[in-house]
Amino acid sequence: MTARFRFHSPEFQVEFSGSEEFVADQIGLVRDRIRAILAAEGAPAADASTAESGAPEPAPRPEPPAREECDLGAKTREGRGALQDSILIFAYYMQTYQGKHEFSIEDLNFCFDLLNIQRPKSLANTLGIIKRDRKLLHAGSRRGTYALSEKGIDRVRRLTG
């Protein structure tokens, strides 16, 4: 069954369609931003969390850091290795603040888009290197999904202080 979620405001527009699981996961990534916009407009926030998708409310998560803290708080490498560090930080963010322990290339592309960073062309290759050679990721439970290894979590903690 295909689900669709659409939210439009003057400052933020987003639309997702796909499996119910995919749409629910994507809503989870933008839920706080939508709630803040709705609160500012005086609308009930619950409408955005279940609109068109029927996605249930997730358990409360730790408060995510401000975008500036996500962007600037991590000391990623410049040039070679910077993409790997960004992927690890995105994965850690999804795991810690979104409760998403496995992620896909689509999830990473969403992170790049959300931060207005150009999507890398070599994402699949880079994920393979991080998994096979560096052992910072391991395969998820489904084909095409990945999860942070303990070594990957340690790397992110070193990056973010």
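The following legends describe close-up views of a predicted model of one protein chain.

**View 1. Overall arrangement of the protein chain.** The predicted chain holds seven helices and four strands. Read from the N terminus, its elements follow the order β-β-α-α-α-α-α-α-β-β-α. Of its 161 residues, 41% count as buried. Among the contacts in the chain with a separation of 6 or more, 50% are between residues 24 or more positions apart.

**View 2. Packing of helix α4 against helix α7.** Helix α4 spans residues 82–98 and helix α7 spans residues 150–160; their axes lie 9 Å apart and form an angle of about 100°. Because angles of 65 to 115 degrees count as roughly perpendicular, α4 is described as roughly perpendicular to α7. On the α4 side, the contact is made by D85, L88, I89, Y92 and Q95, and on the α7 side by I153, R155, V156, R157 and L159. By residue type, this contact of α4 with α7 comprises six nonpolar, one polar and three charged residues.

**View 3. The salt bridge between R155 and D85.** R155 and D85 form a salt bridge in which the closest N and O atoms are 3.0 Å apart. Since R155 belongs to helix α7 and D85 to helix α4, the pair ties together parts that are 70 residues apart in sequence. R155 has a relative accessible area of 15% and is therefore buried. D85 also counts as buried, because its relative accessibility is 0%.

View 4. The model contains three salt bridges by the rule applied. One of them joins the side chains of K100 and D107, with an N to O distance of 3.3 Å. Both K100 and D107 are buried. Another joins the side chains of R119 and D113, with an N to O distance of 2.5 Å. R119 is partly exposed, with a relative accessible area of 43%, and D113 likewise counts as partly exposed, at 35%.

**View 5. Helix α5 and the residue that follows.** Helix α5 covers residues 105–114, and its buried residues include D107, L108, N109, F110, C111 and F112. D107 is also the salt-bridge partner of K100. Just after α5, N116 adopts a positive phi of about 55°.

**View 6. The aromatic pair F90 and F112.** Three aromatic pairs are counted in the model. In the pair shown, the ring centres of F90 and F112 lie 5.0 Å apart and the ring planes meet at 85°, so the pair is edge-to-face. F90 lies in helix α4 and F112 in helix α5; the pair therefore ties together parts that are 22 residues apart in sequence. Both F90 and F112 are buried.

**View 7. K135 in the loop between α6 and β3.** K135 is located in the loop that runs between helix α6 (123–132) and strand β3 (137–139). Although K135 is not a glycine, its phi is positive, at about 60°.

Note on methods. Residues numbered from 1 in each chain as written. Predicted model: local features only at pLDDT ≥ 70, side-chain atom pairs only at ≥ 80, totals over all residues. Heavy atoms only, no water. Axes fitted to C-alpha atoms, helices over the stretch in contact; angles between N-to-C directions. Helix = DSSP H or I, 4+ residues; strand = E, 2+ residues; numbered from the N terminus. Parallel < 35°, antiparallel > 145°, perpendicular 65-115°, else oblique. Contact = heavy atoms within 4.5 Å. Nonpolar A, V, L, I, M, F, W, Y, C, P; charged D, E, K, R; others polar. Buried < 20%, exposed > 50% of the residue type's maximum accessible area, 1.4 Å probe, protein only. Salt bridge = Lys/Arg side-chain N within 4 Å of Asp/Glu carboxyl O. Phe/Tyr/Trp six-rings, centres within 6.5 Å; stacked < 30°, edge-to-face > 60°.
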